[in-house]
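Hi everyone, thanks for coming. Let's have a look at a structure together and talk through the surroundings of its ligands.

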Amino acid sequence: MTETALRICPFCEATCGLTLTVDDGRVTGARGDRDDVFSAGFICPKGASFGELDNDPDRLAAPLIRRDGVLTEATWDEAFAAVAEGLGAVVRDHGGASVGVYLGNPNAHTVAGALYPPLIIRGLGTRQVYSASTLDQMPKHVSLGLMFGSPVAFTVPDLDRTDHLVIIGANPLVSNGSLATAADFPGKLRALRKRGGRLVVIDPARTRTAALADRHLAPRPGTDAALLFAVAHVLFDENLVDLGALADHVAGVDEVRALASGFAPETVADFCGVDADDIRTLARELVAAPTAAVYGRMGTSTVEFGTLGSWLVDVVNVLTGNLDRPGGVMFPLSPVAPAPRGHRPGRGFDTGRWHSRVSGYPEVLSELPTAALAEEIETPGEGQIRAMITIAGNPVLSAPDGDRLDRALDGVGFMVSVDPYLNETTRHADVILPPPPPSRSPHFDFALNALAVRNNARYSPPVLPLDGRPDEAEILSRIALVLYGIGYDADPALVDEQVIATTLAKETADAGSPVAGRPVEELTAMLPVGPGYERRLDMMLRIGAYGDAFGARPDGLTLQRLKDAPHGIDLGPLQPRLRDVLRTPSGKIELAPPQLVADAERLRAAVGRRTDGYLLIGRRHLRSNNSWMHNLPALAGGSNRCTLRMHPDDAAELGVGDTAIVKGAGGELVVPVEVTEDIRRGVLSLPHGWGHDRGGTGQLLAAGQPGVNVNQLNDGSTLDPLSGTAVLNGIPVLVGPAS
Ligand SMILES: Nc1nc2c(c(=O)[nH]1)N[C@H]1C(S)=C(S)[C@@H](COP(=O)(O)OP(=O)(O)OC[C@H]3O[C@@H](n4cnc5c(=O)[nH]c(N)nc54)[C@H](O)[C@@H]3O)O[C@H]1N2
Ligand SMILES: Nc1nc2c(c(=O)[nH]1)N[C@H]1C(S)=C(S)[C@@H](COP(=O)(O)OP(=O)(O)OC[C@H]3O[C@@H](n4cnc5c(=O)[nH]c(N)nc54)[C@H](O)[C@@H]3O)O[C@H]1N2
Ligand code: SF4
Ligand SMILES: [Mo]
């Protein structure tokens with residue numbers, strides 16, 4: 001029997017609504033849901049492959065336990081018992097603080113990943129917490145925290161209304177957007193140009209996004225912070241600064257003026273590889289446009305000056321009066337954000353409340369740099385990592401120096417991985433607990449709604465039944481039960497009910513809350529009968545910004561309302577809301593936080609550096625997703641390949657033919673070469689997530705066309721100091737013909 005069902009796509013930040021075709025209990029097709037309030041029918045090749053991914057025969061159907069050194073299928077009860085025993089022993093002998101946790105990217109795309117890992121970390125009481133964030137967006141968290149007092153006060157380009165968009169180091173035509181949740185990013189860029197707006201792209205490669213732009217600047221990798229400082233310089237120098245409505249809400253303008261004075265376009269032009277005139281034009285055009293938004297992503301983040309660059313993106317948005325106004329960059333309001341409580345000065349934001357044991361890296365958002373995970377496992381002494389929990393991550397491929405991490409994980413006392421695949425990382429686990437495929441999982445965008453270019457609320461319940469296996473919420477809850485000392489076989493609902501009780505106690509005691517003073521039992525009794533994650537979601541929606549305040553605002557959101565609107569509820573365009581967002585002690589935007597002012601000195605010193613030599617950058621592909629979609633026939637073929645792109649003049653000069661050898665601080669690789677004019681001279685690009693040739697994995701198709709692991713070129717010693725983020729773009733390499 002053929003049916004259709006709606007399901008939000010969990011494969012990237014665009015969160016498209018899909019219409020799945022279901023035949024006899026299997027997903028056999030996926031198309032864009034034209035009635036989805038947010039995506040209006042958009043879909044990409046990954047979403048269209050939903051069925052193939054859901055049904056991939058290499059997905060683990062049952063848990064694996066290591067027996068006599070070999071991972072073998074086990075029952076769920078045996079697997080949880082093994083986790084209880086393995087983790088229990090390490091916690092008993094060395095304490096919960098000796099357990100490391102690594103959280104990978106898909107945690108941002110699952111209900112379970114949003115709700116349960118914090119409870120596991122709290123249950124352990126560990127500071128050995130690592131995630132994909134320090135391979136990705138951590139610099140943005142730090143700059144937002146320092147400027148606005150909240151590390152999650154994301155400044156998102158108002159794509160639908162802006163007149164002038166500057167994209168720096170992002171390729172949304174391929175990535176479909178990141179830290180700016182927009183279904184059909186390509187369509188929105190075309191619409192911008194159609195309505196007479198302009199698109200500027202700053203990227204060392206002429207990407208698909210750059211090809212669409214009115215103007216493309218191709219800087220040397222790693223130099224955007226200097227370029228943006230020069231833009232600020234021009235704004236001051238030519239009297240173009242206009243804070244507009246922000247004028248009374250900004251501190252530190254004079255400090256920024258003083259700092260920027262050292263970064264004239266003419267001073268940085270060689271370092272950036274961009275003409276001074278082009279930088280001046282960039283600045284003038286930003287000011288001339290009625291509204292403008294500067295948006296930076298991976299290329300401004302995972303670089304040597306990542307936090308400085310992320311900060312300067314918003315410095316320029318502020319100096320041109322484009323922050324918090326329609327057409328500029330704005331703060332989304334998620335349906336699970338707490339109901340705004342008006343302006344209250346906050347405690348601000350700081351990092352370095354503790355430091356990593358071996359290299360002394362500062363904590364950032366209670367995390368340590370993933371680039372330091374291997375040394376924390378390997379180095380003996382008090383606080384050494386003795387056990388690992390990985391959830392939805394593949395750091396052996398995604399983090400620097402995978403060979404070292406591979407060895408380190410091999411030596412860890414006990415490891416449990418929650419992951420649907422046996423891959424380069426999970427092959428080291430003692431127990432693998434596979435979550436069910438997406439068709440059997442619920443979806444709500446806890447994280448990404450706070451990044452959406454239009455406010456909205458959508459929920460997908462599981463499309464298909466669980467068939468006797470636990471969902472990921474239950475898997476993670478049972479790990480939490482072990483750590484709470486309650487026992488894995490207790491009722492997992494206990495975990496959710498405890499969160500509900502604590503949250504409502506706090507909320508009802510807060511005079512600013514819409515449920516202030518109400519009895520907790522009364523509110524708890526109003527939550528729906530159903531899975532714990534649904535009860536928590538309903539609670540969050542009801543005390544949230546659009547919520548029904550448990551009946552006090554009868555028109556407000558509840559989970560039932562979302563279920564009754566399967567194509568979603570549109571909550572309107574982004575609204576100015578700076579006063580609600582600001583949590584700095586001063587109550588102002590801190591344009592010149594001391595940590596950033598100090599770090600600018602490091603940049604100033606770099607501007608004089610030699611600019612010869614090759615720099616390596618990354619590249620994404622439309623039919624790939626980090627390391628874990630190379631196992632699907634529909635996505636793995638054709639141009640989705642692990643090749644080294646280089647400029648023809650570089651290839652000719654070096655005598656490089658079909659194959660090159662690339663050497664970096666962490667190792668060397670022999671790679672097939674793709675010569676193209678679409679990359680700046682002196683720059684090479686190689687995608688990440690490849691290198692599926694380690695053996696002992698269960699992704700057969702991927703292993704058959706493994707590619708190479710670009711992160712092996714990187715020894716992980718170079719981090720953006722303020723955020724602990726690994727430098728993945730703009731790493732110096734040597735390249736030559738492979739003999
Ligand atoms: N050189 C270089 N390195 C990079 C990058 C780069 O641009 N260049 N990009 C970095 C970035 S931005 C990121 S986000 C990281 C990603 O780093 P990771 O998150 O460590 O790696 P992924 O490849 O995304 O691995 C995701 C894992 O989640 C599993 N998974 C998929 N769906 C589910 C699910 O529903 N539940 C669970 N529990 N598991 C699931 C997959 O099987 C896979 O093992 O890589 C980083 N590494
Ligand atoms: N199809 C597909 N979609 C994805 C993913 C995927 O693997 N495949 N991964 C998802 C994830 S985890 C993330 S975080 C997002 C990332 O989303 P994006 O940031 O949009 O994606 P990237 O392709 O990494 O874009 C980074 C761009 O920066 C450029 N660049 C590199 N170095 C520099 C530099 O120093 N300066 C400047 N100005 N530019 C530079 C690169 O050439 C590249 O075009 O994509 C997500 N979406
Ligand atoms: S753009 Fe992203 S969310 Fe939309 S269908 Fe593709 S992978 Fe899914
Ligand atoms: Mo990412």
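Before we start, one definition: a residue counts as near a molecule if one of its heavy atoms lies within 4 Å of it. Please also keep in mind that this is a predicted model.

Now over to ligand 1. How many residues surround ligand 1? There are 29, and the closest are Tyr102, Asn105, Asp419, Glu472 and Ser627. Sorted by type, the shell around ligand 1 has 14 nonpolar, 11 polar and 4 charged residues. Two domains each give at least three residues to this shell: domain 1 (64–136 + 365–433) and domain 3 (611–737).

Let's look at some polar contacts here. Asp419, one of the closest residues, has a side-chain N or O atom 2.6 Å from an oxygen atom of ligand 1. Arginine 620 places a polar side-chain atom 3.1 Å from an oxygen atom of ligand 1. With alanine 392, a backbone N or O atom lies 3.4 Å from a ligand 1 oxygen.

And how much of ligand 1 does the protein cover? On its own, ligand 1 has 910 Å² of accessible area, and the protein covers 95% of that.

Notes
Residues are numbered from 1 along each chain as its sequence is written. Chains are lettered from A and ligands numbered from 1 in the order in which they are written. This is a predicted model: local features need pLDDT of at least 70, side-chain atom pairs count only at pLDDT 80 or more; totals for chains, interfaces and linings use all residues. Side-chain values use heavy atoms; hydrogens and water are left out. A polar contact is a pair of N or O atoms within 3.5 Å; within protein, one must be able to donate a hydrogen and the other to accept it, and residues adjacent in sequence count only if both atoms are side-chain atoms. Accessible areas come from the Shrake-Rupley method with a 1.4 Å probe; for residues, only the protein chains shown count as cover. Ala, Val, Leu, Ile, Met, Phe, Trp, Tyr, Cys and Pro count as nonpolar, Asp, Glu, Lys and Arg as charged, and the others, Gly among them, as polar. Domain bounds come from an automatic or database domain assignment.
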